[in-house]
Each structure stands twice: as C-alpha cells, then as structure tokens.
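Walk through this fold one region at a time.

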Amino acid sequence: MRKLILSLLLFISFQSYSQKTTDTIVSQKLKEDREFTVSLPESYAKNKTKKYPILVLLDGDYLLDPFQGALNYGAYWDDLPEVIIVGITQNKKDERYSDCNFDPETGLPEGKGERFFEFIGQELLPYIEKTYRIAPFKIIAGHDVTAGFLNFYLYKDQPIFNAYISLSPELPTRMEEIIPQRLSALNQQIFYYHAIADGDLKTTKERITQLDSAAATIKKPNLNYLFDTFKGASHYSLVLHAIPDALYQFFGVYQPISVSEFNEKIAILPSGYVKYLENKYEIIEKSFAIKMTIRINDFKAIEAAILKNKAYNELDALSNLAQKNYPKSMLADYELGLMFEKNGDNRKALKYYQTAYQKDEIGDLTKDMMLDKVSDLKKGFTKNGKEIKTETPTQEPPAEPIQEEKKP
C-alpha cells in the first residue's frame, strides 16, 4: 500500500495525460453561478464513440488531483477503467458548509443543503450527460462534511449514484442507523466505501464504527462494501491512503486476471474455465457499463487453466470466444490446433496451425511459432519409414502483431 501511495504522489507530479477544463453553470436551484472542473481521460478525444463512467467529487478543489492521479496510474496499467471526473468547487468561500446544511432534528438536508442536493441531481448531472459521453455508472466522493452529505443520495428509492466514497465522514443526525437500513433495502447494485483514521475525532470514529457494525452484517450479492481504518493516519493523510483502496475495491473485477485470481478462483475449478472468462466480462459490462474486448492475457490465463487441468475440449469454446474478439488474428485457429494436438489428433492440429500461420500475429503467437508447430508435427507423420509430405507455409515477413499497449 505504501508503494502504491508513493507511486500515486509521484504520478501526480508528472505531466497529466488528461484534459482539465474549468466551467461554470448558472444554477436556478442555488440562484448563483457554480464553478466545477472536468477532467477527461487521455483517450476521450481519440475514441469518438466510447462512453466513460463519471466520478463526481465534492470538495473538488483539493480532491480532484489525488483522485486523478490514482485513476491515471491505474488506467496506465489497465487495472482501472478511464473515468470522467467532475470536481465541484466548494472552498473559495467555505461553500461546503452551507452546501451541506441539514436539519439537526430530522437529519435531512434543509435550506441551501436541500437546494445543493437538487442542484447536483437536477442541473449539474444533466448538463454533464448532455455535454460529455457518460456511461450509466456514477460515483460520488467527499471528505468529512461533504462525505457525510453524499450519503443523502442513498435515502432515495432509486439512487442516482451507483458508488459512494465517504472519507472520514461527519454524519448528519441518525445517519449511522439509516445508511445500513438503506444498503439492506435497496435492490439495485450499490458500491459503498468509507474509512476513518486514527487522527479523526473520537465521536466521529465511534459513529462510523457503529455504521460499519451494522452494514458489515449485510450479505447480498448486489452490495460491494468495504470499511477501512488507517492506523497512524491523520484526518487529511487518510485521503491518500483511502483513494486507491476504494477504487481497487470497486473495480476489482475489471482488472486483468492476476496470479491470485488464477490460483484461487480459476485453476481450482473442475470445469467451466471459458464460462468464467465470459462471466467476468459480462459482469464488467453489467456493473460499469463498460463493453470491452477480452484481453489477450486473460485468454492465455484461461488456456493455462485448461491445460493444467487437462480439460482440452474446452479449447473449442475458447476458440469460439477468440473468433468473436479477435477475428483477424491467429488466436482462434491456434486454440483449435492446440486442442487437437493435446487430444492426439496431430493431422487436424497441423491443419489449424497452418491456417493460423496465414492470419495476424497476436500477443506471443507469431508466424515463427506456427512454423515450429507445423515442423514438429510433421516429424510424426511417417509411412513405411518415409515422411509424408505436407504443405509447409511459405515464409513471409511477419505481420504486425496485435498486442496490448507496451509497458515499461
């Protein structure tokens, strides 16, 4: 974790690859102009059709840079998706306190707090959705006062946000009781993260711990929940500890198949390795509204699990999936060739390796590799002591490989 935080701090000091624009919206709800900053991902200008999840930051004045650093870093390694960030300015005149005003008796937003609540849902979000390409997955985050305020969106029967990041929240009246009730009652998928630090006030920690005690008992598949306590952290340093934890918790399924996922979830399966891969990407699309091509490294991980468990016939289904995702590459034919080779049908294996040779390289699958496969299999075809002649692909300059972005 310390290494990740150090990397985050270093990354923030580097040139940002995203586009940041400060804008102003004339709010009829607030009867004033409100400033906000939009940070667009690196690929936004290049990919004219792609839609992105949105992260709305309360206290955007000081939370935007650390969140942007963590998201840029994670996206660089393909651990986190690219996200559009909208940071609301709230600290020029201490607007954060009046923005988050609530009735101490009812524990509900009142006065400007009620108007600010409506401003975000009825003015700011519609403007952002009209102006930018937004996927239907919305995150909201805040710190202390604003972290408590963002929980009000869970009071609605149909919350407009899917995910909540509440950093050292100062909770309005009875919120430690109401939030667990709402998390239990809501039927839509909810992602919820909150955290406290040693440096937080004792009363703050007690109430948040009470909230966690109730929420942690909720066991339902549509709730992604995590609570953190950071030892030795202050009320302010907690932010840099918590941001990567929250993002990696929410987007855990988005990440490429790791060694631990392979060993603990995939390799131990008795069957259904290809189905696991399909389900993983279906969950990504369903949860985050992100439709993506299956990573070549994830294909290779499933192939490794199939070979490890000698479930060779599943390579047929893996080939079909490869055909859908990389139709011009040699991947689909290679998987069929591998299936027939492992099942002892070398003649059919040879045929598919030869076909693969004619297609585009991808990942570590190259034309030279296919030639070697063909050569090795031909050695096994003999009749009356003489080798049967089979057509060997003519050597051609290798095609430009299809591969993921190169990393250092």
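Strand β2 (residues 32-40) pairs with β4 in the antiparallel sense, over 4 bridges. Two strands count as paired if DSSP finds at least two bridges between them. Helices (H or I, at least four residues) and strands (E, at least two) are DSSP runs, numbered from the N terminus. Phe-36 has Ile-88 as its bridge partner in β4.

This is a predicted model: local features need pLDDT of at least 70, side-chain atom pairs count only at pLDDT 80 or more, and totals for chains, interfaces and linings use all residues. Residues are numbered from 1 along each chain as its sequence is written, and side-chain values use heavy atoms, with hydrogens and water left out.

Strand β3 (residues 52-57) also pairs with β4, in the parallel sense and over 4 bridges. Here Val-56 stands opposite Val-86 of β4. Between β3 and β4 the chain passes through helix α2 (residues 60-76), and this β-α-β crossover is right-handed. That is, with the strands pointing away from the viewer, the path from the first strand over the helix to the second runs clockwise.

How many residues of strand β4 (residues 84-88) are buried? The count is 5 of 5. Buried means under 20% relative accessible area, exposed over 50%, and partly exposed in between (1.4 Å probe, protein chains only). In a regular strand the side chains alternate between the two faces of the sheet. Ile-84, Val-86 and Ile-88 point one way from β4, Ile-85 and Gly-87 point the other way, and all are buried.

Now the rings. The whole structure holds 23 aromatic pairs. Rings of Phe, Tyr and Trp (its six-membered ring) pair if their centres lie within 6.5 Å; planes under 30 degrees apart are stacked, over 60 edge-to-face, and the rest tilted. Tyr-153 and Phe-161 have ring centres 5.2 Å apart and planes at 80°, so this pair is edge-to-face. Tyr-153 is buried because its relative accessibility is 2%. Phe-161, at 0%, is buried too.

A tilted pair joins Tyr-334 and Tyr-353, with 6.0 Å centre to centre and 40° between the planes. This pair links distant parts of the chain: Tyr-334 is in helix α13 (residues 331-342), Tyr-353 in helix α14 (residues 346-357), 19 residues apart. Tyr-334 is buried at 4% relative accessible area. Tyr-353 is buried at 0%.

One aromatic cluster includes Phe-149, Tyr-153, Phe-161, Tyr-192 and Tyr-225. The criterion is NZ of Lys or CZ of Arg within 6 Å of the ring centre and within 35 degrees of the ring normal. Arg-133 lies over the face of Tyr-44, 4.0 Å from the ring centre.

Next, Cys-100. It lies in the loop between α3 (95-99) and α4 (112-131). With a relative accessible area of 6%, Cys-100 is buried. Contact means heavy atoms within 4.5 Å. Leaving aside residues up to four places away in sequence, Cys-100 touches Gly-113, Val-145, Thr-146 and Phe-149. Phe-149 belongs to the aromatic cluster.

Last, Asn-224, in strand β8 (residues 223-230). Is Asn-224 buried or exposed? It is buried, because its relative accessible area is 17%. Its side chain makes a polar contact with the side chain of Gln-249, at 2.9 Å. A polar contact is a pair of N or O atoms within 3.5 Å; within protein, one must be able to donate a hydrogen and the other to accept it, and residues adjacent in sequence count only if both atoms are side-chain atoms.
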